[in-house]
Amino acid sequence: MASAEGQQHPLGIYYKIWILLFVLSGFSYAVDYYNVQGAMRWTLVITFMFLKAGFIVAIFMHAVWERMALVLTILGPPTVLLLFIGLMSIEGIYTEELRFAYMGHDRDAVALTPADLHGEEGGHGGEEEH
Amino acid sequence: MSEATVNEVGPHDGVTGLVDDWAADKQAYHVPWGKAMMWIFLVSDTFIFSCFLIGYLNVRITTTEPWPVQSEIFALSFGGDPIPLILIAIMTFILITSSGTMALAVNFGYRKDKAKTFWLICATAAFGASFVGMQAFEWSKLIIDEGVRPWGNPFGAPQFGSVFFMVTGFHGLHVSAGVIYLLWVAFRVKKGYYDEKGFEIVEIAGLYWHFVDLVWVFIFAFFYLL
């Protein structure tokens, strides 16, 4: 296998993935630039994020060409993080609801922006809150 | 005689068997040991960064104060209207560029093209250093101009500052360490230190560098975009 004498692959695939990563980053930035909001923003940003992460690990870090024993060692343990993320989300939402319900916090509070603070025109506190 | 042989190679019972089963000369990973160890390190580092990001997720959900609007805070003006998140976008592209040059360096390393490998690693390190420079600029802008502190800021939830300095600071530390590591490897490539040993070290250093880029992909998405 490739692992035995190191990972040697044609240069072309690196250039292709490199360009692809640029394009995907451009798309991610475009989501913010064109001010896409709500569920669409989350879907797009997370899709582009996983595509980029996948290509970096698979091609640049050569995971697709490694033996399964090594690949599972790398990718297996981090999957438990999904459970951790799920638990902390549930716990976080519960805590937040308690604070709204019993501590009188304002549900509709709006963040300030640099424009609000520096007194520039066009300050619009938190219209883009998400 | 056959009995003796069975006793020697056959599985033992009890504690001796336990030790044999786990400590016998079995090779799980058919890669250079340095590469396996780098992967183990990166997996453990994944857990550290994940703890930070999950901590961020938790404070972001639990805080009832509004979260500051990142795209306006990280906007930068080049004479005209501020362009949202532009510096972060440039930093993202720089890090991807450096990942590309690193991937090429690994490839030329295995082709034993030392000159190209040396210069590509140096280019990677230079991109990394410029990334850290921009991060320093961003930090000073936030600290001095906007008054963001780890314990509070003028925009909204005070956790914003804590998360920002901790997560980007820890990532910046990784980039800085990576630049030093890469320059060290580049220097040794040039000196011919790996001519006999082989150029796996370039791939191992590359793994670390791609990992730093990988972490940035997640920080860019979760901290700056969402």
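Predicted model: local features only at pLDDT ≥ 70, side-chain atom pairs only at ≥ 80, totals over all residues.
Which residues of chain A does the UniProt annotation "transmembrane region" cover?

View 1. In chain A, the unreviewed UniProt entry places the annotation "transmembrane region" at residues 12–31, 43–63 and 69–90. For residues 69–90 of chain A the end C-alpha atoms are 34 Å apart, and here the span is 82% helix and 0% strand.

**View 2. The helices of chain A.** Of its 130 residues, 15% count as buried. When contacts in chain A between residues at least 6 apart in sequence are considered, 44% of them join residues at least 24 apart.

**View 3. The overall form of chain B.** Chain B is built from nine helices and zero strands, which follow one another along the sequence as α-α-α-α-α-α-α-α-α. Its C-alpha atoms fill a box of roughly 90 × 50 × 20 Å, taken along the principal axes. The radius of gyration of chain B is 24 Å, whereas a compact globule of 226 residues would have one near 17 Å. Of the 226 residues of chain B, 39% count as buried, and among its contacts with a separation of 6 or more, 69% are between residues 24 or more positions apart.

**View 4. The annotated domain of chain B.** According to an unreviewed UniProt entry, residues 38–226 of chain B carry the feature "domain: Heme-copper oxidase subunit III family profile". This span is 79% helix and 0% strand, and its end C-alpha atoms lie 31 Å apart.

View 5. Ile88(B) belongs to helix α5 of chain B, which comprises residues 86–110. Is Ile88(B) buried or exposed? Ile88(B) is buried, because 26 other C-beta atoms lie within 10 Å, and a residue counts as buried if there are 20 or more. With its neighbours within four places in sequence left aside, Ile88(B) is in contact with Phe74(B), Phe220(B) and Tyr224(B). Phe49(B), which is 39 residues away from Ile88(B) along the chain, has its C-alpha atom 19 Å from that of Ile88(B).

**View 6. The contact between chain A and chain B.** Chain B gives 51 residues to this contact and chain A gives 56 residues. On the side of chain B that touches chain A, the elements that give two or more residues are α3 (33–62), α4 (70–73), α5 and α9 (200–225). The largest share of this side, 11 residues, comes from α9(B). Sorted by class, the side of chain B that touches chain A has 32 nonpolar, 13 polar and six charged residues.

**View 7. Helix α1 of chain A beside helix α5 of chain B.** The axes of α1(A), residues 11–33, and α5(B) come within 10 Å and cross at roughly 170 degrees. The two helices are therefore roughly antiparallel, as angles over 145 degrees are counted in this way. Among the residues that meet here are Tyr14(A), Trp18(A) and Phe22(A) from α1(A), and Phe93(B), Ile96(B) and Leu104(B) from α5(B). By class, the contact of α1(A) with α5(B) has 11 nonpolar, four polar and no charged residues.

Terms used
Residues numbered from 1 in each chain as written. Chains lettered and ligands numbered in written order. UniProt positions renumbered as here; feature names shortened; annotations may be inferred. Helix = DSSP H or I, 4+ residues; strand = E, 2+ residues; numbered from the N terminus. Rg over C-alpha atoms; globule rule 2.2 N^0.38 Å. Buried ≥ 20, exposed ≤ 12 C-beta atoms within 10 Å, placed from the backbone. Contact = placed C-beta atoms within 7 Å. Nonpolar A, V, L, I, M, F, W, Y, C, P; charged D, E, K, R; others polar. Axes fitted to C-alpha atoms, helices over the stretch in contact; angles between N-to-C directions. Parallel < 35°, antiparallel > 145°, perpendicular 65-115°, else oblique.
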